[in-house]
Amino acid sequence: MNLPFPDLPSSAALNRRSAVLGALGLLALPAGAAAPNKKNKPQAPDVWPHALLVPGGIARLSLGPAATRPKAFTGDVPVLVLGDPIEWTALVGIPLATSPGEAHISVRAEGKPERQIAYTVAPKQYREQRLTVAPRTVDLSPEDEARYTKERDHLAGVMATLTGLRPDAALQMRVPVPGRRSSSFGLRRVFNGQSRNPHSGMDIAAGTGTPVRAPLAGKVIDTGDYFFNGGTVWLDHGGGLLTMYCHLSRWDVKVGDVLKVGEPLAAVGATGRVTGPHLHWGVMLNRTMVDPALFVAG
């Protein structure tokens, strides 16, 4: 999955710059969205991940200074908080199903009353993609339905992983495999003429056997062969930031392994519901799949 990059600014520098530019900033607005205003100011391009206040995007919200790390929540789900006592920043994954309009998080800081921080989600229209796949992966048999239900319940536990391990504040990721982006995040999927959930990751076209490499340091928290996703590996980067790699021909890691940036973890394949060999790469924040493109350059 990966290639080396230049050194990035420190956590404190990034957060102070973020505070000056406005924590509710947008790196770029979707087509047809309103121009930036005092609540939606552009972010510096070297702050990672980029902010994009649309369904499937990420909000970077300034929490201000505090002696200890504040706790932030969207509903009852914890939100990743990075920074230092000079400036803390909450990174909030915005679900694809979010309706445009105002949203908020709750913040609890030591010795202070709970407060709400609001932000505005702009509309975004994702394109539609029509695909032809094996009929059994669209119209499930009773046996396949039972298998899928069991796997779904297991994966819900994986996606709820929250560890005390904190990722580096410089969260620029390395693309897991070289190749053409064959399908982007958020596409409305139509399989064999039937509408299904939007595409929750980035597809990268690559040949079977191409090594998949860790985009950030992380710990392996799940591996398996799943009905829709095929061969799959999940990495935990700390604080509710997870990444997922699907349709693998094989995986070379086990649960509990700790990987450095760029270490190989698996190989590209065509397992599960696919039209050909590729990597499906997903990024999750606060149990919400967000656009991986917000974490990578270019």
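I began with the largest cavity and found it lined by V77, P78, M159, A160, T161, L162, G239, G240, L242, M284, N286 and R287; on a 1 Å grid over the protein atoms alone, a cavity is a set of points where a 1.4 Å probe fits but cannot get out, and lining residues have an atom within 4 Å of a point. I noted that this is a predicted model, in which local features need pLDDT of at least 70 and side-chain atom pairs count only at pLDDT 80 or more, while totals for chains, interfaces and linings use all residues. Residues are numbered from 1 along each chain as its sequence is written, and side-chain values use heavy atoms, with hydrogens and water left out.

I sorted the lining of the largest cavity by class and got seven nonpolar, four polar and one charged residues, with Gly placed among the polar ones. For its volume I wrote down about 70 Å³, taken as the space filled by probe spheres set on the points.

I then turned to strand β1, residues 58-64, where six of the seven residues are buried, meaning under 20% relative accessible area with a 1.4 Å probe and protein chains only. I found β1 antiparallel to strand β4, residues 87-93, with six bridges joining them, and I recorded W88 in β4 as the bridge partner of G64.

Definitions and conventions: 1 Å grid on protein atoms, 1.4 Å probe; cavity = no way out; pocket = protein on both sides within 12 Å on 5 of 7 lines; lining within 4 Å. Buried < 20%, exposed > 50% of the residue type's maximum accessible area, 1.4 Å probe, protein only. Helix = DSSP H or I, 4+ residues; strand = E, 2+ residues; numbered from the N terminus. Pairing = 2+ DSSP bridges.
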